[in-house]
Amino acid sequence: MSGGDKLDFEIRPNPQPVAAAERAALMANPGFGRVFTDHMVTIRYAEGKGWYDARVEARGPIPMDPATAVLHYAQEIFEGLKAYQAVDGGITMFRPDANAARFADSAQRMAMAPLPEQVFLDSLHHLIDIDRAWIPSGEGGSLYLRPFMFGSEVFLGVRPANEYLYVVIASPVESYFSSGVKPLTVWASPTYTRAAPGGTGAAKCGGNYASSLIAKAQAAENDCDDVIFLDAVERRYVDEMSGMNIFFVYDDGTLATPTLGTILPGITRESVLTLAREAGHQVVERQVGFDEWRADAASGRLREVFACGTAAVITPIGTVRHPGGEFAIAGGEPGSVTMGLRQTLVDIQRGRTEDTHGWVHRIA
Ligand code: COI
């Protein structure tokens, strides 16, 4: 079948999968994004033909003509989500339907062919099913799924491509930050912004991450774990980090997070908004000024700050560094609201707490 909301996947098992002993050695200390499973999903699209050739096959290089459109104009989008070993021995995914919807939104912004959301979901189920031996069983481990799509037409003209390749790869991972859940030190970039109004900030496209790399390198030069971007218009308001949203927790129990628009509409961000409200916190989406952040940290009104995202889960931020100096939030220690929300989220993902939102998808 081709072009519809449902595709038949051809399953071609890898004839040379990694041996069990080698896989165990690789999974003993996978870090983040360094180890990959035996298979990948590929699906092709051509204008007038629709989506076709849906396959699960051995993971391997993708041959590319040097004139392939994505290599020149970066017409590319991606997603990130995780599969977990649940406490009852089953396998779960967290809110894959939200990733499917965001992938469709990103495709629309980048003038790419829309992949039916059901095909996106089916592709994840197929890959997890065939590579289930790669899902880490430990508490901190998960299988990170990376669906992505790019303009694969061989053409140098500047217009949306007529051909696309959708791919899913998977990687057993542990903590995103090498320091684990220890509070981060972040660099408030005085030089670079991430996205301007009308730009691609809300789309999960590779270009947003490419443009963040120099700021992230400056953060590292200043002994920081990540970067905080301020808004591109006034350079006053907190936007987001290199690949995470940000939350502020105040002494009256209120939480604040930057308003959507130029930032990524994070699925973890949205889950935290829900969980925090259910825990009795008042939560506001608003502009948070950098000067306000510094003043509230100094007065003690600001009690906790944390980063959140699929890869980072919920990670406390302890110290902010900027060209004029640095300041700490609550002595740089992790806060109880941050760690409580993290525990609630992880417990839902692992099936330890009842999922009252329909967020957890089971793999048969
Ligand atoms: C994620 O949290 O999944 C991300 O995509 C952030 C980063 C790894 C690029």
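Leaving aside its neighbours within four places in sequence, with which residues is Val-227 in contact?

1. Basis of the note. This is a predicted model, in which local features need pLDDT of at least 70 and side-chain atom pairs count only at pLDDT 80 or more, whereas totals for chains, interfaces and linings use all residues. Residues are numbered from 1 along each chain as its sequence is written, and side-chain values use heavy atoms, with hydrogens and water left out.

2. Val-227 and its surroundings. Val-227 lies in strand β10, where strands (E, at least two residues) and helices (H or I, at least four residues) are DSSP runs numbered from the N terminus. Apart from neighbours within four places in sequence, Val-227 is in contact with Trp-187, Ser-189, Ala-215, Lys-216, Ala-219, Glu-240, Met-241 and Ser-242, contact meaning heavy atoms within 4.5 Å. Val-227 is buried, because its relative accessible area is 0%; the classes are buried under 20% relative accessible area, exposed over 50%, and partly exposed in between (1.4 Å probe, protein chains only). The C-alpha atoms of Val-227 and Phe-290, which stand 63 residues apart along the chain, are separated by 13 Å.

3. Helix α5. The 16 residues of helix α5 (residues 206-221) should span 22 Å at 1.5 Å a residue, and the end C-alpha atoms are 23 Å apart, which agrees; the expected span is 1.5 Å times one less than the number of residues. Helix α5 bends by about 35° at Leu-213, the bend being the angle between axes fitted to the seven residues ending there and the seven starting there. Just after α5, Asp-223 takes a positive phi of about 60°.

4. The covered side of α5. Buried residues in α5 are Asn-208, Tyr-209, Ser-212, Ala-215, Gln-218 and Ala-219. What covers them includes β4 (76-78), β9 (184-188) and β10 (226-230).

5. The protein chain is divided into domain 1 (10-173) and domain 2 (184-350), with bounds that come from an automatic or database domain assignment. Their centres, taken over C-alpha atoms, are separated by 27 Å. The contact takes 27 residues from domain 1 and 22 residues from domain 2.

6. The interface. About 2,000 Å² is buried between domain 1 and domain 2, and carbon and sulfur atoms give 56% of that area; buried area is the accessible area (1.4 Å probe) that two parts lose on being put together, summed over both. In domain 1, Phe-78, Phe-94 and Arg-102 lose the most area to domain 2, together 31% of what that side buries. The rule finds one salt bridge across this interface, a salt bridge being a side-chain nitrogen of Lys or Arg within 4 Å of a carboxyl oxygen of Asp or Glu. Glu-270 forms a salt bridge with Arg-95, and the closest N and O atoms are 2.7 Å apart.

7. Other salt bridges. The structure holds 19 salt bridges, including one between Arg-286 and Glu-292, with the closest N and O atoms 2.8 Å apart. Arg-286 is partly exposed, with a relative accessible area of 25%, and Glu-292 also counts as partly exposed, at 26%. Arg-352 forms a salt bridge with Asp-347, the closest N and O atoms being 2.7 Å apart; here Arg-352 is partly exposed at 38% relative accessible area, whereas Asp-347 is buried at 14%. Salt bridges that share partners also join Asp-53, Arg-55 and Glu-57 into one network.
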